[in-house]
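I opened my notebook and looked this structure up piece by piece. Here is what I jotted down.

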Amino acid sequence: SLTKRRANKGSGHALSANDATVSVRLSFVSSRVSSSKMSWDSYIDNLIAQTKDASGNTNCDKACIIGIDGGAAWTSASHAKSIKLQGHEGPNIAECFKSKDFTLFMTDGVTVEGKRYIFLREDGIVVFAKNVTLQASKTAIIIGHCPIGGQQGNLNKGINVIAEYLESLNM
């Protein structure tokens, strides 16, 4: 029967079919959590593809998505083209967007991966810095980096596509 218990050798603990079911469920939840992070990573690839110019060159070499509430990473650092925010960079960026106070960026620049980028301008939902663009949706901030020699205008368009898509999902 399904409720029949089997004794583990020498442990004194018994394992039931219900215990096995819980174990299977936990591993299913764990794999779902991992796959949800992987699904956000696909947005990096999509963003990069959206930045192609007429010659087929991409104008984004790395990107990430963080939450607007607290700046936690939605994309994983394991993605080859992921921006890997350091220390308080994510929370600082999120706080600026959440409060719509970009004074920190204006005075200190935009810090991404330990490097400061010169602040150019902002319009409340998009921040433009030299080689970096950040755009907020309702719940996320999309951050992209333009390689030296790339066209930042194409990066801006790619980031906007992702931000608008998230907005359409009420995110």
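**Starting at Asn 160**

I began with Asn 160, which counts as partly exposed because its relative accessibility is 26%. Asn 160 sits in helix H4, residues 152-168. Helices (H or I, at least four residues) and strands (E, at least two) are DSSP runs, numbered from the N terminus.

**What kind of model**

This is a predicted model, where local features need pLDDT of at least 70, side-chain atom pairs count only at pLDDT 80 or more, and totals for chains, interfaces and linings use all residues. Residues are numbered from 1 along each chain as its sequence is written, and side-chain values use heavy atoms, with hydrogens and water left out.

I looked up pLDDT, the predictor's confidence in each residue, from 0 to 100. The chain averages 84, and 78% of the residues score at least 70. Over residues 1-37, pLDDT stays under 50. Where pLDDT is low, the predicted coordinates should not be read in detail.

**The whole chain**

I found four helices and nine strands. From the N terminus on, they run β-β-α-β-α-α-β-β-β-β-β-β-α. Of the 171 residues, 37% count as buried.

**Cysteines**

Cys 64 is buried, because its relative accessible area is 3%. Cys 96 has 4% relative accessibility, so I put it down as buried too.

**Rings**

Next I went through the aromatic pairs and got five. Rings of Phe, Tyr and Trp (its six-membered ring) pair if their centres lie within 6.5 Å; planes under 30 degrees apart count as stacked, over 60 as edge-to-face and the rest as tilted. Phe 97 and Phe 102 are edge-to-face, because their ring centres are 5.3 Å apart and their planes at 85°. Phe 97 is buried at 1% relative accessible area, and Phe 102 is buried at 2%. Elsewhere I noted a cluster: ring pairs link Trp 40, Tyr 43, Trp 74 and Tyr 165.

How values were computed. Buried < 20%, exposed > 50% of the residue type's maximum accessible area, 1.4 Å probe, protein only. Contact = heavy atoms within 4.5 Å.
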